[in-house]
Amino acid sequence: MSTELVLALAFALDVTLSEPPAALHPVVWIGRAIAPLKRQRPRAPAVDFALGGVYTLALTSGCALLALFVLLHAGRAGAFMLEVFLLWSCFALKGLYRAGEGMRRALAASDLPAAREALLSLCSRDPSALSSTELAGATIESLSENASDSVVAPLFYYVLFGVPGALFYRAANTLDAMVGYHGRYEYLGKLAARLDDLLNLIPARLTALLLGLAGALLRMPAARGARIAWRDHARTESPNAGWPMAMAAGLLGVQLDKRDAYVLGAELATPDDRALHGMLRLLGVTGVLAFALAVLAAWVRRG
C-alpha cells in the first residue's frame, strides 16, 4: 500500500477521532517509559549526563527498531493497518485545536480559573498567576510551536524514514518535554534537549513557512509575519521555537511576551480571545497544508 494512502487514512482518523485512547497510545507508553528516569535523584552532572544520554539513545533507537521489527513481521495487511495506527499516534492536530478552542471559550467568557486549567493541557508553564492576556499569549505560543512538534515534524520524519523515523522523533520530543529543561533534570535531559533541537532544525523553519502561506491564504499580513519572524526568531532560548512563534505573532498582529524570557512582536497589540480565534484558523490551514505537502513529497519520492 502507498505512503500517500497511509497519510490520508491517518489524517482522516485524526480529524474524526482525534488521538488514540491513552491505553493504546504509543506516545503515552513512551511517556511511561521515561517515568523511571524522572524518579532518579540528582547526582554529579557528569553522571546524570551519562545516564540521561544512555537512556535517550536507548529509548529513541529502541522505539524505531521495535516499530521496524513489528512492521517487517506483521504481514502485508497487518503492516499496513499498523503503519496507519502508529502514524496517527505520532501527531495531534485535532487535539491541539480542541485545547486551543477550550482556552478561547474560557477567555471569551472571562472565566480565568477555567482558562488557567485549560493551559495545563497545552504547556508546562505555571498558569496560576497569569492574566488573561498572558494566557492568550501562552496559548498562541504553544499552538504555533506544537504545529511543528506535533504535526509538521512527525510528518517530515515519516516521509523520510517511515514510521520508525516518526517514532524516533516522537520519543526524542517527549523526552525533551519531560526532562529537557533547566532545574532538577537539567543534566539528565541535556542530550535529549540537544537531540530535539537538532531534529527540529528543518521542521520548525518549514512550519514557519507553512504558517506564512496559511496566513496569506487567510488574507493575514504575511509580509509582517515574515518580517517579525526574521527579526525576532532568535529571542527565544530554543533555536527553533522562535520561528513559528514569531511568524504567528506577526500574522496575528499580537505581542507574545513570556515573563523574564522573551518578547516577540514588541510593537504589536496584546493578545486576546479574538487573536486566539485567528490562531486556530491558522493552525487548521497549516495542518492541511502540512499533510498536502507530505503527500506530495511521498508521491515524488515514490515516482
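Which residues in α3 meet which residues in α8? In this predicted model, Phe 49, Gly 53, Thr 56, Leu 57 and Thr 60 on the α3 side are in contact with Lys 190, Leu 191, Ala 192 and Leu 195 on the α8 side. By class, this contact is made up of five nonpolar, three polar and one charged residues. The axes of α3 and helix α8 (residues 190-199) come within 7 Å and cross at roughly 45°.

Helix α3 spans residues 45-72 and contains Pro 45. Pro 45 is partly exposed, its relative accessible area being 44%. Although 142 residues separate Pro 45 from Tyr 187 in sequence, their C-alpha atoms are 5.8 Å apart in space.

On the α5 side, the contact involves Leu 93, Leu 96, Tyr 97, Gly 100, Glu 101, Met 103, Arg 104, Leu 107 and Ala 108. Their counterparts in α12 are Asp 273, Leu 276, His 277, Leu 280, Leu 283 and Gly 287. Nine nonpolar, three polar and three charged residues make up the contact of α5 with α12.

Two residues of the α5 side were examined individually. Leu 96, located in helix α5, is buried, with a relative accessible area of 8%. Leaving aside neighbours within four places in sequence, Leu 96 is in contact with Leu 122, Leu 143, Asn 146, Ala 147, Ser 150, Val 151 and Leu 283. By C-alpha positions, Leu 96 and Ala 58 are 29 Å apart in space, with a sequence separation of 38 residues. Met 103, not counting residues up to four places away in sequence, touches Ala 115, Ala 118, Leu 119, Leu 135, Thr 139 and Leu 276.

Met 103 also belongs to the largest nonpolar core, which has 82 residues. Within this core, Met 103, Ile 140, Leu 143, Leu 155, Met 279 and Leu 282 touch the most other members. Helix α7 (residues 132-179) gives the most to the core, contributing 17 residues. A second, separate core holds six residues, among them Tyr 157, Tyr 169, Ala 172 and Leu 195. Leu 195 is also one of the α8 residues that meet α3.

No disulfides are present, the count being zero. The cysteine sulfur closest to that of Cys 90 belongs to Cys 63, at 9.3 Å, which is too far for a bond, because a disulfide requires sulfur atoms within 2.5 Å. Cys 90 is buried at 0% relative accessibility, whereas Cys 123 is partly exposed at 23%.

Backbone geometry was considered last. Most residues other than glycine have a negative phi. Ser 18, a residue other than glycine, has a positive phi near 65°, and Asp 260 likewise has a positive phi, near 60°. Ser 18 lies in the loop between α1 (3-17) and α2 (26-38), and Asp 260 in the loop between β1 (256-258) and β2 (262-264). Ser 18 is buried at 7% relative accessibility, whereas Asp 260 is exposed, with a relative accessible area of 87%.

Terms used
Residues numbered from 1 in each chain as written. Predicted model: local features only at pLDDT ≥ 70, side-chain atom pairs only at ≥ 80, totals over all residues. Heavy atoms only, no water. Helix = DSSP H or I, 4+ residues; strand = E, 2+ residues; numbered from the N terminus. Buried < 20%, exposed > 50% of the residue type's maximum accessible area, 1.4 Å probe, protein only. Core = buried A, V, L, I, M, F, W, Y, C linked by side-chain atoms within 4.5 Å. Contact = heavy atoms within 4.5 Å. Axes fitted to C-alpha atoms, helices over the stretch in contact; angles between N-to-C directions. Nonpolar A, V, L, I, M, F, W, Y, C, P; charged D, E, K, R; others polar.
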